[in-house]
Amino acid sequence: MTTTDLDSHGGNDLMSAQTRGDFQQELERLRATGGLGSRDKLAGTLGLLMCLAAAVVVLLCFRGTGAASDLRDQMEMLVLALFGVGLAVVGAALYVVSALQRFFRFWLLRLVYEQRDLARRAD
């Protein structure tokens with residue numbers, strides 16, 4: 001999402017040039033200082049790693065189930081595979097939450113700058 005996408009809304013500018021410049025400076029400052037907090041980065045990375053680990057667990061269980069002749073061994077692999085599916089769901093949820101937090105942080109910052117601009121125009 002770029003600020004040029006934000007500029008046009010049917011030909012009507014939502015922000016004045018000064019506010020747009022301030023908004024872009026704030027975005028650059030956030031990116032330069034690591035706009036995502038360390039917890040956000042950790043949650044997103046952890047989510048992706050959990051999904052990858054879950055895929056490996058499920059594939060290993062699938063191969064192990066085919067090689068097992070005893071029903072107890074197959075059930076053990078099935079339980080482990082269900083654990084992998086659960087791990088994938090939790091990992092995906094962590095990643096989605098991290099991505100939504102990043103988007104909502106941007107959206108809220110944009111909203112604040114638009115409201116400041118409207119307040120300046122009203123004065």
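**View 1. Arg116 and Tyr113 form a charge-over-ring contact.** The charged end of Arg116 sits over the Tyr113 ring, 4.9 Å from its centre. A charge sits over a ring here if NZ of Lys or CZ of Arg is within 6 Å of the ring centre and within 35 degrees of the ring normal. This is a predicted model, in which local features need pLDDT of at least 70 and side-chain atom pairs count only at pLDDT 80 or more. Side-chain values use heavy atoms, leaving out hydrogens and water, and residues are numbered from 1 along each chain as its sequence is written.

**View 2. Phe103 and Phe104 make a tilted pair.** Phe103 has a relative accessible area of 37% and Phe104 one of 45%, so each is partly exposed (buried is under 20%, exposed over 50%, partly exposed in between; 1.4 Å probe, protein chains only).

**View 3. Phe104 also pairs with Trp107, edge-to-face.** Their ring centres lie 6.4 Å apart with planes at 70°. Trp107 is partly exposed too, at 43% relative accessibility.

Note on methods. Phe/Tyr/Trp six-rings, centres within 6.5 Å; stacked < 30°, edge-to-face > 60°.
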